[in-house]
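Colleague: I have the sequence and the coordinates open, and I'd like to go through them with you. Could you put the structure up here?

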Amino acid sequence: MTGTILASSGGLFALIFMAEYINILVIRLFTRLIFLRTLPLISDIVLIAQTVALAALFVWIRATYPRIRYDHLINLT
């Protein structure tokens with residue numbers, strides 16, 4: 001078992017995970033508002049759909065991109 005699971009209770013662990021995914025949605029909303037501007041007549045449904053699509057793309061890339069181990073990262077310098 002990992003340290004974060006042992007150090008916190010189930011409810012606190014769920015809140016930490018939920019906060020991380022809410023953070024992803026908020027950052028993707030700002031990204032959409034800054035970089036994917038559309039006509040002001042477009043409804044809120046399109047805004048939500050584009051935000052969710054960006055968040056899904058972010059999670060997909062983050063889940064499939066291999067993580068670099070710390071010892072390999074040190075050897076890059």
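Colleague: Let me start with the helix pair: in which hand of crossing does H2 pass H3?

Modeller: Bear in mind that this is a predicted model, and in that model H2 passes H3 in a right-handed crossing.

Colleague: And what is the angle at which H2 and H3 pack, and how far apart are their axes?

Modeller: H2 and H3 pack at an angle of about 120°, and their axes are 8 Å apart.

Colleague: With charged residues in the contact, how many salt bridges does a search of the whole structure find?

Modeller: The search of the whole structure finds 1 salt bridge, and it is formed by Glu20 with Arg62, whose closest N and O atoms are 2.3 Å apart. This pair links distant parts of the chain, since Glu20 is in helix H2 (residues 10-35) and Arg62 is in helix H3 (residues 44-64), 42 residues apart.

Colleague: Are Glu20 and Arg62 buried, exposed or something in between?

Modeller: Both count as in between: Glu20 is partly exposed, with a relative accessible area of 30%, and Arg62 is partly exposed as well, with a relative accessible area of 34%.

Colleague: Changing topic, where is Thr51, and what does it touch?

Modeller: Thr51 is in helix H3, and, leaving aside residues up to four places away in sequence, Thr51 touches Leu25, Arg28, Leu29 and Arg32.

Colleague: Is Thr51 buried or exposed?

Modeller: Thr51 is buried, because its relative accessible area is 7% and the cut-off for buried is under 20%.

Colleague: What about Phe30, is that one buried, exposed or partly exposed?

Modeller: Phe30 lies in helix H2 and counts as partly exposed, at 48% relative accessibility. The C-alpha atoms of Phe30 and Thr51 are separated by 8.7 Å, although the two residues are 21 residues apart along the chain.

Colleague: Last one, stepping back: how many helices and strands are there in the protein chain, and what percentage of its residues count as buried?

Modeller: The protein chain has 4 helices and 0 strands, so that its elements run α-α-α-α from the N terminus on. Of its 77 residues, 8% count as buried.

Notes
Residues numbered from 1 in each chain as written. Predicted model: local features only at pLDDT ≥ 70, side-chain atom pairs only at ≥ 80, totals over all residues. Heavy atoms only, no water. Salt bridge = Lys/Arg side-chain N within 4 Å of Asp/Glu carboxyl O. Helix = DSSP H or I, 4+ residues; strand = E, 2+ residues; numbered from the N terminus. Buried < 20%, exposed > 50% of the residue type's maximum accessible area, 1.4 Å probe, protein only. Contact = heavy atoms within 4.5 Å. Axes fitted to C-alpha atoms, helices over the stretch in contact; angles between N-to-C directions. Left-handed = near helix turned anticlockwise from the far one by under 90°.
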